[in-house]
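Subject: Structure handover

Hello,

Here is the structure you asked about, with notes on what was found in it. Please have the model open while you read.

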Amino acid sequence: MTTPKPTPQFFNEDCIAGCRKRIGDDTVDLIVTDPPYGIDGGNLHKHYNRNEDFVLDGYVEVPAAEYAAFSRDWIAEAARILRPGGSLYIVSGYTHLCDILNALRETKLKEVNHLIWKYNFGVWTQKKYISSHYHLLYYVKPGGPVTFNAFDRFGATEKGADATGSLNYQDREDVWVINREYQPGKTKNKNQLPTQLLTKIIQYSSNEGDLVADLFLGSFSTAKVAIGLNRRAMGFEKSKVAFTHQKRTMKKVQPGELLAGLRAPEASHLTNQRKAWTATEKAKVIRRFKKLTKQGLKKKEALDTLSSEFGRGTWSLLKIVGVKSRRITTDKNIPLAGIA
Ligand SMILES: C[S@@+](CC[C@H](N)C(=O)[O-])C[C@H]1O[C@@H](n2cnc3c(N)ncnc32)[C@H](O)[C@@H]1O
């Protein structure tokens with residue numbers, strides 16, 4: 001475990017002015033942030049079925065008429081402080097999504113994914129469908145190495161309990177179903193992001209010791225998870241009430257405390273992946289494939305066996321044995337190309 005440099009810095013001020021004043025160009029590895037929604041966030045409680053006694057006052061909202069300019073200003077700062085190759089994730093509802101997308105298009109940031117986060121309890125409505133998703137916009141700043149730890153959560157060949165479907169593939173699909181945290185009796189921010197969601201983003205898009213920023217800290221949830229995963233954290237929160245209460249709770253967070261609870265991915269057995277094939281090895285693979293199928297193994301089972309015996313991905317084995325993938329992909333959930 002690397003020891004991160006101690007730079008957690010949290011500021012009770014407007015993030016736009018704060019970034020301009022305090023943060024140099026190209027300094028942050030990852031920004032994960034959840035701006036106010038411009039929908040009168042101070043009144044969100046009218047739509048939620050929860051005890052508001054435990055919800056902190058002091059959520060600073062942005063008037064709808066100012067939302068486009070506000071988005072342009074903070075997103076320009078986010079783009080400036082991100083290091084080349086650094087990543088930006090923005091959580092957005094749909095009301096002002098267009099303002100956020102327009103602001104992103106005015107920067108040099110590149111869109112990587114437009115993810116959907118589907119959560120469990122939505123905003124209650126009777127005359128229309130119930131909103132139960134947020135948009136999660138994933139962008140990178142061009143010009144440097146991008147951190148994307150594709151195999152930190154699930155190994156390349158791990159399958160689910162019923163042995164169908166690649167867990168790695170499923171985890172990287174662009175719709176994420178993650179429940180919001182139900183915390184009865186605990187003081188919380190108006191719109192608190194779940195630890196599971198933040199853990200996933202931070203694991204994929206940063207490494208231990210990296211600097212993770214949140215320009216709209218709210219309950220400091222991003223910072224708490226970042227420090228818990230042994231990253232450094234910084235950020236801004238304009239509300240004095242939220243800042244004062246939550247900064248105190250930050251003191252209880254121990255660097256690296258979430259690491260022990262992380263699932264360890266199974267190491268890949270694909271030890272020969274990407275090595276050049278020799279003619280002898282190709283001939284061996286073909287002979288063994290014929291033998292296994294003669295013994296009664298289905299083609300997919302034979303390929304899985306070859307994969308563990310030869311340390312090669314199934315896609316590259318398919319090319320050697322010369323069988324069309326269409327005839328082997330009997331289970332639609334197993335994307336052979338995806339797991340090779
Ligand atoms: C949607 S909430 C963030 C919730 C947070 N992600 C969490 O999990 O608790 C947005 C936060 O931004 C704060 N805020 C609004 N305008 C701001 C600004 N210009 N600079 C910094 N913080 C601001 C609000 O007070 C609110 O706490």
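**A loop residue to start with**

N230 sits in the loop between helix 6 (221–228) and strand 8 (232–236). Helices (H or I, at least four residues) and strands (E, at least two) are DSSP runs, numbered from the N terminus. This is a predicted model: local features need pLDDT of at least 70, side-chain atom pairs count only at pLDDT 80 or more, and totals for chains, interfaces and linings use all residues. Residues are numbered from 1 along each chain as its sequence is written.

N230 is not a glycine, yet its phi is positive, at about 65°. N230 counts as buried because it has 21 C-beta neighbours inside 10 Å. The cut-offs are these: a residue is buried if 20 or more other C-beta atoms lie within 10 Å of its own, exposed if 12 or fewer, and partly exposed in between, with C-beta atoms placed from the backbone.

D26 also has a positive phi without being a glycine, and the value is near 55°. D26 lies in the loop between helix 1 (15–22) and strand 2 (28–33). With 15 other C-beta atoms within 10 Å, D26 is partly exposed.

**The whole chain**

The protein has 12 helices and 8 strands. Of its 340 residues, 33% count as buried. Take the contacts between residues at least 6 apart in sequence: 74% of them join residues at least 24 apart. Two residues are in contact if their C-beta atoms, placed from the backbone, lie within 7 Å.

**Around the ligand**

There are 19 residues around the ligand, and V60, F216, G218, S219 and S221 come nearest. A residue is near a molecule or strand if its C-beta atom, placed from the backbone, lies within 6 Å of it. The shell divides by class into 8 nonpolar, 7 polar and 4 charged residues. Here Ala, Val, Leu, Ile, Met, Phe, Trp, Tyr, Cys and Pro count as nonpolar, Asp, Glu, Lys and Arg as charged, and the others, Gly among them, as polar.

**Two residues with partners elsewhere in the sequence**

A226 is in helix 6. It counts as buried, with 32 C-beta neighbours inside 10 Å. Apart from neighbours within four places in sequence, A226 is in contact with I202, V212, R231 and A233. A226 and E208 are 18 residues apart in sequence, and their C-alpha atoms are 9.0 Å apart.

P265 is in the loop between helix 7 (240–250) and helix 8. P265 is partly exposed, since 17 other C-beta atoms lie within 10 Å. Its C-alpha atom is separated by 4.5 Å from that of F154, which is 111 residues away along the chain. Not counting residues up to four places away in sequence, P265 touches F151, D152, R153, F154, G155 and E158.

Two packed helices are described by the angle between their axes and the distance between the axes. Axes are lines fitted to C-alpha atoms, for helices over the stretch in contact, and angles run from 0 to 180 degrees between N-to-C directions. Angles under 35 degrees count as roughly parallel, over 145 as roughly antiparallel, 65 to 115 as roughly perpendicular and the rest as oblique.

Helix 8 (residues 279–294) packs on helix 9 (residues 299–310) at an angle of about 140°, with the axes 9 Å apart. Helix 8 and helix 9 are therefore oblique to each other. Helix 8 contributes V285, R288, F289, L292 and T293 to the contact, and helix 9 contributes K299, A302, T305, L306 and F310. These residues divide into 6 nonpolar, 2 polar and 2 charged.

Helix 9 and helix 10 (residues 314–321) pack at about 110°, with their axes 10 Å apart. That makes helix 9 roughly perpendicular to helix 10. L303, D304, L306 and S307 of helix 9 make the contact with T314, L317 and L318 of helix 10. By class there are 4 nonpolar, 2 polar and 1 charged in this contact of helix 9 with helix 10.

How do helix 8 and helix 10 cross, and at what angle? Their axes come within 9 Å and cross at roughly 85°, so helix 8 and helix 10 are roughly perpendicular to each other. K282, V285, I286 and F289 in helix 8 meet L317, I320 and V321 in helix 10. The contact of helix 8 with helix 10 has 6 nonpolar, no polar and 1 charged residues.

Regards
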